[in-house]
Amino acid sequence: MSNDLTKLESELLGEIAGAGDLAAIEAVRVASLGKKGRVSELMSKLGSLPNEEKKAFGQAVNILKAKVTDALDARKAVLETAALDARLKTERADVTLPVRMGPQAEGRIHPVSQVLDEVIEIFADMGFAVAEGPDIETDEMNFDKLNIPAEHPARQDHDTFYFNPREDGSRLLLRTHTSPVQIRTMVSSKPPIRIIAPGRVYRCDSDQTHTPMFHQVEGLVIDETTNMGHLKWVLQEFCKAFFEVDEVKMRFRASHFPFTEPSMEVDIGAEAIGKPGQWLEILGCGMVHPNVLRNCGLDPEKYQGFAFGVGLDRLTMLKYGIPDLRAFFAGDLKWLRHYGFNMLDVPTMGGGLSS
Ligand code: DAH
């Protein structure tokens with residue numbers, strides 16, 4: 001019997017030494033130590049041996065098993081090192097190649113989101129906080145408290161989407177502008193107030209420059225001494241920062257909004273966006289009407305301030321030269337890849353807005 005073991009040992013050690021690659025060494029392992037391997041099968045013979053031989057045979061098989069295991073491990077280590085050396089000889093890493101685009105790098109930030117981040121950065125730098133209000137508003141917040149009573153002609157300009165009347169006859173609506181956030185802010189917090197309120201607004205209107213949903217940013221400053229000089233300065237600083245130029249020509253035209261007195265519309269000289277010789281309207285603004293202050297429980301003898309409303313989509317079209325507003329909301333991937341922004345292009349006042 002011990003002769004057989006010696007023979008088997010030299011055979012297996014020979015096979016191990018002769019295994020030329022990792023697949024061959026694995027084959028030898030299975031054929032020897034695997035469940036039905038030659039060494040394992042010896043163990044199953046143990047039961048049929050006379051008792052006095054069992055111990056010695058068992059020990060001999062265990063020794064054989066240990067030797068084969070050691071030899072397999074050693075040969076495997078040698079072959080692994082050789083395989084790695086061979087790979088290193090053939091593989092080259094060119095560290096000058098551009099980084100491969102991962103899924104994150106494929107994603108794009110919508111231009112309106114990017115511009116909103118830019119606007120928030122600029123106003124945050126001037127000490128404005130961001131306020132929010134609901135998209136579904138009451139008549140009272142969207143119109144009445146803003147000094148637009150039921151029969152006021154300005155209501156007609158707003159192409160309002162109304163919900164069905166409620167039991168008490170009042171109707172909810174989709175807010176037609178972000179101005180109701182002014183009201184909510186003045187009702188819920190004490191002056192000094194310095195906020196911008198970005199958000200979605202809705203009007204029943206659709207053509208190349210109008211979509212039923214669009215975006216506005218409302219601004220509101222209320223304090224005891226705030227005056228029109230402050231309003232003009234804030235808007236001038238905003239325009240310079242936003243269009244990333246040292247000077248912007250601005251024209252303040254007298255206008256009318258029910259919630260401001262006096263009211264103005266603001267045009268910028270289009271050279272700021274590389275089109276000299278034209279004026280472009282960008283926003284409406286004015287000093288908050290005393291009635292609006294009163295409606296919010298503020299004493300107009302004590303408090304005053306200014307408000308403004310900007311179309312965010314329009315700002316985006318002007319700054320980034322995008323011609324058709326409807327494309328903003330069409331969900332066209334080709335458009336988004338062209339006009340969209342990289343996720344890591346986060347606008348900051350310190351690091352630059354768009355560069
Ligand atoms: N709410 C106005 C609109 O929807 C925009 C606006 C104009 C807002 C003048 C203001 C403002 O706060 O003072 O067209």
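Where does the ligand sit? In this predicted model, the ligand sits in the largest pocket. The report below describes the surroundings of the ligand, then the sheet, and finally some details of the backbone.

**The ligand and its shell**

The ligand is surrounded by 15 residues, and the closest of them are His177, Ser179, Arg203, Gln216 and Glu218. Three strands each contribute at least two residues to the shell: strand 5 (213–223), strand 8 (279–288) and strand 9 (304–311).

| Residue | Ligand atom | Distance |
|---|---|---|
| His177 | nitrogen | 2.9 Å |
| Gln216 | oxygen | 3.1 Å |
| Glu218 | oxygen | 2.6 Å |

On its own, the ligand has 350 Å² of accessible area, and the protein covers 90% of that area.

**The sheet**

Strands 5, 8 and 9, which supply residues to the shell, also belong to an open sheet of seven strands. The order of the strands in this sheet is 1-4-5-9-8-7-6, and their pairing is mixed. Strand 1 (129–130) and strand 6 are the edge strands, since each of them pairs on one side only. As a general principle, the strands of a sheet pair through backbone hydrogen bonds, and the pairing may be parallel or antiparallel.

Strand 6 (residues 250–257) and strand 7 (residues 260–269) run antiparallel and are joined by seven bridges. A hairpin of two residues connects strand 6 to strand 7. Which residue of strand 7 is the bridge partner of Arg253? The partner is Glu265.

**Details of the backbone**

Strand 7 also contains Pro262. The peptide bond that joins Glu261 and Pro262 is cis, with an omega of about -5°. Another cis peptide bond joins Pro191 and Pro192, and its omega is about 0°. Pro192 is located in the loop between helix 9 (180–188) and strand 4 (193–202).

What is the phi of Asn147? Asn147 has a positive phi of about 70°, although this residue is not a glycine. Asn147 is found in the loop between helix 7 (139–142) and helix 8 (154–157).

Conventions:
Residues are numbered from 1 along each chain as its sequence is written. This is a predicted model: local features need pLDDT of at least 70, side-chain atom pairs count only at pLDDT 80 or more; totals for chains, interfaces and linings use all residues. Side-chain values use heavy atoms; hydrogens and water are left out. A residue is near a molecule or strand if one of its heavy atoms lies within 4 Å of it. A polar contact is a pair of N or O atoms within 3.5 Å; within protein, one must be able to donate a hydrogen and the other to accept it, and residues adjacent in sequence count only if both atoms are side-chain atoms. Accessible areas come from the Shrake-Rupley method with a 1.4 Å probe; for residues, only the protein chains shown count as cover. On a 1 Å grid over the protein atoms alone, a cavity is a set of points where a 1.4 Å probe fits but cannot get out, and a pocket is an open set with protein on both sides within 12 Å along at least five of seven lines; lining residues have an atom within 4 Å of a point. A molecule sits in a cavity or pocket if more than half of its atoms lie within 2 Å of its grid points. Helices (H or I, at least four residues) and strands (E, at least two) are DSSP runs, numbered from the N terminus. Two strands pair if DSSP finds at least two bridges between them.
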